[in-house]
Amino acid sequence: MAMTPVPTALLQGASNFRDIGGYRSADGRRVRRGQIFRSDHLAGLTSEDLARLASLGIGHSLDFRGAAECAATPYDIPGVQRVALTIEPTVIARMQALVAQGVVPTAEETVELMRETYRDFVNRNADTYGRFMKHLLEQPTPQVFHCTAGKDRTGFAAALVLSALGVDRATIEHDYLLTNQLYKRDARLEGQGHPHVMKVLWQVQPEFLHAAFEAVDAQHGGMTDYLHGAIGLTPQELAELQRMLLED
């Protein structure tokens, strides 16, 4: 199992921006660098950051944020086409509903809410993630995908791409957990909440990603069947994605 080192910060205005290339697939090939990047939201980029994105050749940003998030932190990057792949942040709505009823969830209940959110990614948001995968396939230029913190919707998207490329789950989990080292909370996005709840919400835990993989395995017959079924990639499209994004 080959890991890559923790990436250095490439951008000043996005704390969780990184290349998902460099990992080894099960057959020994390596995910190409400089092709697919993941990030938190891109609304705080500096002029130096914009120049950096241009130097990377990024042509599209795939934005998983919901309507209110996009309105709160809009962005327009010259030369980069933003593609809306909307997944509303349901865990926040669930949390607000509990608080409105006078219920403060425990840390354990908050973890279970997050696990339920990840099961929803697999089952309720498969069409959106399918469009995401098709976009990667159809656009050969470098791309960046993101949500607000670049940790949950983005984390599952990265897991999906790396799974499709044959990267093992331990390595995928390693990439997923880098968020806890890299992400810095944006002061503009701070919500009012109980500290024990917010600590869960602003980090990632292996249990969250495990919930998604468990749903893929138990309800969809494993990752290959999930990619061909709910995600909608034909075997030929999956092979083409691997051809594009893997190198010897």
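In this predicted model, arginine 243 and glutamate 240 are joined by a salt bridge, with 2.8 Å between the closest N and O atoms. Both belong to helix 12 (residues 235–245), where they sit 3 residues apart, about one turn of the helix. Arginine 243 has a relative accessible area of 51%, so it counts as exposed, while glutamate 240, at 30%, counts as partly exposed.

Take glutamate 247 and arginine 32, whose side chains meet at 3.3 Å, N to O.

Next, look at glutamate 69 and arginine 153, which form a salt bridge with their closest N and O atoms 2.7 Å apart. Because glutamate 69 lies in helix 2 (residues 67–72) and arginine 153 in helix 6 (residues 153–164), this pair ties together parts 84 residues apart in sequence. Both residues are buried.

Now turn to a pair of helices. The axes of helix 4 (residues 107–123) and helix 10 (residues 206–220) come within 8 Å and cross at roughly 40 degrees, and the two helices are therefore oblique to each other. Their crossing is right-handed. Among the residues making the contact are Arg115 and Arg119 of helix 4 and Glu214 of helix 10. By class, the contact has 10 nonpolar, 4 polar and 4 charged residues. Arg115, Arg119 and Glu214 also belong to a network of salt bridges that includes Glu112 and Glu116.

Key. Residues numbered from 1 in each chain as written. Predicted model: local features only at pLDDT ≥ 70, side-chain atom pairs only at ≥ 80, totals over all residues. Heavy atoms only, no water. Axes fitted to C-alpha atoms, helices over the stretch in contact; angles between N-to-C directions. Helix = DSSP H or I, 4+ residues; strand = E, 2+ residues; numbered from the N terminus. Parallel < 35°, antiparallel > 145°, perpendicular 65-115°, else oblique. Left-handed = near helix turned anticlockwise from the far one by under 90°. Contact = heavy atoms within 4.5 Å. Nonpolar A, V, L, I, M, F, W, Y, C, P; charged D, E, K, R; others polar. Salt bridge = Lys/Arg side-chain N within 4 Å of Asp/Glu carboxyl O. Buried < 20%, exposed > 50% of the residue type's maximum accessible area, 1.4 Å probe, protein only.
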